[in-house]
Every structure is written in C-alpha cells, then in structure tokens.
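Colleague: I would like to go through this model with you. Please put the structure up first.

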Amino acid sequence: MAKPRIGIALGSGSARGWAHIGVLEALAEAGIEPEIVCGTSIGALVGAAQVAGRLPQLRDWVEAAGWREIVGLLDVRLTGGGLIDGKELLAFLNGLGLAGAIEDLPRRYAAVATDLASGREMWLQTGALHEAVRASAALPGLFSPALREGRWLVDGGLCNPVPVSVCRALGAEVIIAVNLNGDLVGRRFETPPATPAPSAEGMGRALRDLPLALRDQAAALAARLFPPGPATPGYFDVLANSINIMQDQITRTRLAGDPPHVLLLPRLRDLALMDFHRGQEAIAEGRACVEQALPALRRYL
C-alpha cells in the first residue's frame with residue numbers, strides 16, 4: 001500500500017515557535033517527512049525553512065542567538081501600524097536563503113495571513129517566500145502590516161492559528177498539527193525567578209551597537225516595554241496574554257470543527273512572547289513532544 005500523503009500544520013506562538021524546529025527534526029528522524037507544510041506566523045517561518053532545505057541553518061542561528069541578535073532584527077519605529085517596521089526581518093529571511101518563489105519549492109507550502117480590511121484569512125501560495133513569511137508574522141501591536149497585491153496583511157493567527165484546514169485543502173491525507181498555545185491561558189503575569197525579563201539597562205547594553213540616533217529611541221522604548229518590578233503588568237504582559245486568550249478560543253473552535261489526525265501540544269507555558277533567546281529550550285520540548293506522540297503517529301503511518 002502507498003504511504004498516505006502527510007501534511008503538517010505549524011501553529012502561531014511567537015517565540016514558542018522555535019519548538020517547531022524540534023518537532024520537524026524529530027519527525028524526520030522517525031522517518032516521517034510531510035509533503036505538505038502549512039504555517040501561521042512563526043510556524044510559517046519555520047515551515048518555510050523546512051521546505052527550502054534551510055532548517056539546519058535556522059536551528060544553528062536560533063541556538064546561538066542572544067538578546068543582541070534578536071534586537072538586531074527589530075527595526076524600531078514609533079510611527080505607522082506597528083512598533084517594528086520589518087525590513088530587518090525581511091533581510092534576515094533573505095540571508096537565510098528564503099528569498100525564492102513559493103512555486104519553485106519541492107513541496108507544497110502555504111503561509112496564512114489575515115486581510116486587515118476584510119478579516120478574511122489569506123493562503124499565500126505564490127510569490128516570494130520571505131515576503132509571505134513576513135506577512136504571516138505581522139503580529140498586531142508589534143509588526144507593521146505587510147502590503148501584498150494591494151492588501152494590507154497581518155498575522156494569520158487572528159483567524160487560523162493552527163492551519164489544519166489549509167493542509168486538508170492542499171491534499172493532505174494524514175494531518176499532524178502543532179498547537180503552541182494550548183496551555184497558556186491563565187499564565188501568570190509574574191516572571192519566573194529562573195528566567196528574569198530583560199531590564200531596560202540590559203536592553204540598552206544589547207542596543208549599544210545601533211546608530212546613536214536610533215539607540216536613544218530604542219532605550220526609551222525598552223524602558224516603557226519592560227518596566228521594573230512585578231507590581232503591574234507590562235506592555236508585553238498585557239499584549240501576550242490578550243493574544244493567548246484570543247488564539248486559544250479561535251484554535252479550540254477551529255480544531256473542533258476540523259480536527260487533525262494527530263495533535264502535538266508542546267509544554268511551553270514558561271516561554272513568553274519575546275523569549276526568542278530561549279530557542280534551545282523550545283527546540284528540546286518540540287523533540288520531546290514528538291517522542292511522546294510516536295505511538296499515535298505510527299498508528300496512522
């Protein structure tokens with residue numbers, strides 16, 4: 001009998017999305033290679049690296065990245081539709097080797113974004129790969145919207161956080177879904193003692209290599225985004241928990257109506273919205289999640 005056509009739906013989740021790297025690598029080691037890869041937001045980024053054959057390069061960068069490398073991708077601006085313009089992210093994706101056309105990829109791929117005007121989800125299956133990823137990851141409140149074919153697009157997590165429906169529409173017969181946000185609602189505002197949030201002073205050190213004109217702006221912004229002390233929730237606390245609530249409700253509804261064959265739920269409760277520097281932990285949890293789910297996967301495959 002022929003093997004079923006496998007699709008994988010990589011969900012949104014900001015910094016928690018580095019777990020997708022561990023998931024994909026562990027699946028490959030188990031002999032499971034998805035022919036269809038669909039992603040939302042950070043899932044679109046990791047999925048793009050997978051289909052373009054650049055996942056090892058992305059993993060190496062993620063495991064080595066500290067706050068300085070992360071901040072280098074954040075071209076802060078105080079005007080427009082977001083705090084971050086996104087040009088540095090596009091340059092990073094281009095340098096990673098994700099600048100080719102989606103049509104030329106060896107496997108089916110789609111990135112999910114949201115049309116800011118109509119609220120409809122958009123399946124990006126043509127055009128420049130890095131631009132599709134940029135549009136899918138335009139998290140409201142942080143990244144400015146992306147203009148594509150006359151439409152302003154924002155994060156696909158607003159309408160389809162775990163794109164199972166896209167995998168099925170593209171012809172997947174067995175669908176593996178990765179939900180990064182299943183245990184995050186109700187996450188405490190306090191930062192765990194073992195992983196303190198970056199202070200404004202620490203951010204200032206990380207930004208010291210930036211041009212002087214931008215450095216003062218960014219330092220002032222960091223002081224507002226990362227206020228000292230746990231007395232009141234900071235900007236990112238409120239934004240992250242609000243997004244968690246919204247995406248959890250949408251994900252539950254979408255998965256109830258269109259369930260995958262296997263649902264992976266990495267335990268990532270302690271990783272915050274901007275903990276991109278904790279990639280090694282996220283990747284390890286992605287691997288562990290697959291190892292626990294292998295009996296269920298083998299039933300279908």
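Colleague: Which residues make the nonpolar surface patch of about 340 Å²?

Modeller: This is a predicted model, in which local features need pLDDT of at least 70 and side-chain atom pairs count only at pLDDT 80 or more, while totals for chains, interfaces and linings use all residues. Residues are numbered from 1 along each chain as its sequence is written, and side-chain values use heavy atoms, with hydrogens and water left out. A patch takes residues with over 30% relative accessible area and no salt bridge, nonpolar side chains (Val, Leu, Ile, Met, Phe, Trp, Tyr) being joined within 5 Å. The patch is made by L116, L147 and W152.

Colleague: Where does L116 lie?

Modeller: Strands here are DSSP runs of E with at least two residues, and helices are runs of H or I with at least four, numbered from the N terminus. By that assignment β3 covers 108–115 and β4 covers 121–124. L116 lies in the loop between β3 and β4.

Colleague: Why is strand β2 largely enclosed by the rest of the structure?

Modeller: Buried means under 20% relative accessible area (1.4 Å probe, protein chains only). I36, C38 and T40 point one way from β2, and V37 and G39 the other way. Strand β2 is largely enclosed because the buried residues number five of the five.

Colleague: Which residue in β3 stands opposite V37?

Modeller: Strands pair if DSSP finds at least two bridges between them. Five bridges join β2 to β3, and the two run parallel. Opposite V37 stands Y109.

Note on methods. Patches are made of residues with over 30% relative accessible area and no salt bridge: like charges are joined within 9 Å, nonpolar side chains (Val, Leu, Ile, Met, Phe, Trp, Tyr) within 5 Å. Accessible areas come from the Shrake-Rupley method with a 1.4 Å probe; for residues, only the protein chains shown count as cover. A salt bridge is a side-chain nitrogen of Lys or Arg within 4 Å of a carboxyl oxygen of Asp or Glu. Buried means under 20% relative accessible area, exposed over 50%, partly exposed in between (1.4 Å probe, protein chains only).
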